[in-house]
Amino acid sequence: MAEIGIKNVRKSYGQTQILHGVDLNFKSGEFVVILGPSGCGKSTLLRMIAGLEEISAGEISIDNKVVNDLEPRDRGCSMVFQNYALYPHMNVAANIGYALKVAGVPRAERDRRILETAKIVGLEELLNRKPAQLSGGQRQRVAMGRAIIREPKVFLFDEPLSNLDAKLRVQMRVEIRRLHKRLSATSVFVTHDQVEAMTLADKLIVMNKGHVEQVGTPLEIYHRPRTRFVGSFIGSPAMNFFETTIAPGGDRVLLDGIAQAIDPLLGSKNAGVKVAVGIRPEHCRLVPAGTVNSVPANVDFVEELGSGRIVHVEIDGLGFAVSVEEDQFFEQGAMAGLQLPAEHIHLFSQETGLRLDDAPVALRQSAPKTVAA
Amino acid sequence: MNKRTVFKSWWLPVLFALPQLLLIVFFFYWPAISVFNWAFSLEPAFGGAGERLFVGFDNFREVFADGEYWRSVSLSLFFAFTATGLSMLIAFVLAICVDRQLKGSGIFRFFYIWPYAIAAPAVGLAFRFIFAPESGLIAVVNTWSPDLWNPAKFGSHAMILVIICFAWKWIGYNFIFMTAGLQSIPRSLLEASSMDGSGPVRRALDIQLPLLAPTLFFLLVLNLTESFVGPDTYGIVDLTTEGGPNKATDMMVYRIVSEAFRGLNYSGAAAQSLVLIGLIMVFTFIQFRFVERRVHYK
């Protein structure tokens, strides 16, 4: 159990800057997920916490102790690697117990703890196998066992599930969450998979291009994405966007010439601002053509999911994806009506990409420019 | 359809193969057969019938009865194991340092490879000057205390000198293979190990050494064979100590050559050659049978 503090941390390789000043605080026992597209610097940040990458500038502290100059072994972290990094010449027991062996724990004590750990991760039958004789899921468990046997203050996961097949991934996800509950060490989990991120996180951090875009609970991030990037990155299928200007009255935007109501309180402060309007496929409504307050839309094609379907419609050259219920059917090529409920509309400034909302400007983290009122 | 190019003429392929065939016949098969021939026969000291007498195993009996021969065998074994061990140990340490990307490792990688390109006699000559007790770079130690270093006088010093020469030349070769082997070990294994609490030395012993085992085995076979019978050993001994002092560095290879071409005892030398070949076969067999089994992991 330990708090982690990250203060204005930067990373650069020569002239190229990978991380541009990251400030984060993780509470003790929290499950933190860092989410971002590949190349956003999330793994680099994790490796800097672990001590595997040097910190170019700034400060990382674990348990209120600055660890910048500490070796990995002195930081009290364990890490699960993407490719598991099991020692191929050691059997499962030796892999799991290696940390204890290095620490000089006596043999009897070591064997007892190896067995205990193997039970937690469900490997007690396989202790004598070599990693090459294990399946992907079993290797994953060995990697987890190796991490938990040291009873670390901090767990670091570097995309540990990305090499598993879809079914196993869901299963391991549940197990990781269960394990966290049981051990309650601070966990930092890096992933590019938003479903993993949403399901695992107490605190979710979305990164892009070496910046932190948003920090919050999964629900906060889903419902109130701070930037257009976060809105488009979280959610599947991705959020629909169209660009327009808030009408002078401040109570509506136009889509294909038809007024769409927006939150008047927010709109009146931002009348005339150029915005990107975002709405999630699951919040759009598709109604029979000609319904009042709907925008005529041409059904482009339909993706079947079984539990529902995703209908792709087209309005004046703009594509929208709409998730509809199991009992709603739409024919390809037919006309339908699209409705955008005002309470689900997200507005982002076209200029800054930041969310327009009623929060005071000062609270919008490190806004590069004040959004025009 | 099987499209194969077929050459009708038989002489063209033979012509292409001829240079290599001639080389093998003249420098391998012919000498090998001659060695067998000599080993089991004896030329009458003052000539005679004009042909050699078949003497069966007499030559071997004579060789085995000679205490000096057995001394040479044990010297060779000692030399082979020490020189191999020293050169592989140093090469391993250097390779680990270069693999850790310590400062200047790029330049050192370049320089470490050089010694292998130098012919053994040249190495021997250079070291003979460097380690000359009266005038070499080492001579300063003799001003501290007389005869602290004198390979011309003390057999142990001579042996050390020969071992250093051989190790120095082979470190570069071993280094190349070890560096390549180390680079094929996934970096994440070392990172995992350091997360598990190990320092650089521990990592080298627990992770890098076992994973390098196939490479090390290959180098072990090569180094042992080369130091036991190789031309490098002959060249170095010939130019530094000439088997002395008092035959303290009279390795088997050196003994065979000097006995044959200086002592003109072809028959005895041929018998020793056969024994040496037999020893190498036993050696290699043991290595593959018992050592190689333990170095492959799956």
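**Chain contact, a helix pair and a sheet**

In this predicted model, 16 residues of chain B are in contact with 19 residues of chain A. Contact here requires C-beta atoms, placed from the backbone, to lie within 7 Å. Two helices of chain B, α8 (187–195) and α9 (200–211), each supply at least two residues of the side that touches chain A. α8(B) gives the largest share, six residues. By class, this side of chain B holds eight nonpolar, four polar and four charged residues. Ala, Val, Leu, Ile, Met, Phe, Trp, Tyr, Cys and Pro count as nonpolar; Asp, Glu, Lys and Arg count as charged; the others, Gly among them, count as polar. Helices (H or I, at least four residues) and strands (E, at least two) are DSSP runs, numbered from the N terminus.

Residues are numbered from 1 along each chain as its sequence is written, while chains are lettered from A and ligands numbered from 1 in the order in which they are written. Local features need pLDDT of at least 70 and side-chain atom pairs count only at pLDDT 80 or more, whereas totals for chains, interfaces and linings use all residues.

α8(B) and α9(B) also meet each other. Their axes come within 10 Å and cross at roughly 135 degrees. Axes are lines fitted to C-alpha atoms, for helices over the stretch in contact, and angles run from 0 to 180 degrees between N-to-C directions. The two helices, α8(B) and α9(B), are therefore oblique to each other. Oblique covers whatever is left after roughly parallel (under 35 degrees), roughly antiparallel (over 145) and roughly perpendicular (65 to 115). The crossing of α8(B) and α9(B) is right-handed, with the near helix turned clockwise from the far one by less than a right angle. α8(B) contributes B:Leu189, B:Leu190, B:Ser193 and B:Ser194 to the contact, and α9(B) contributes B:Arg203, B:Asp206 and B:Ile207. Three of these residues are nonpolar, two polar and two charged.

Chain A contains an open sheet of five strands in the order β15-β19-β16-β17-β18, with antiparallel pairing. Strands pair if DSSP finds at least two bridges between them. β15 (285–288) and β18 (318–324) of chain A each have a single partner strand, so one side of each lacks a neighbour in the sheet. Neighbouring strands are turned by 45 degrees against each other on average, direction ignored. β15(A) runs antiparallel to β19 (residues 335–339) of chain A, and four bridges join them. A:Leu286 has A:Leu338 of β19(A) as its bridge partner.

Chain A divides into domain 1 (4–223) and domain 2 (238–363), with bounds from an automatic or database domain assignment. The centres of these domains, taken over C-alpha atoms, are separated by 39 Å.

Definitions and conventions: Contact = placed C-beta atoms within 7 Å.
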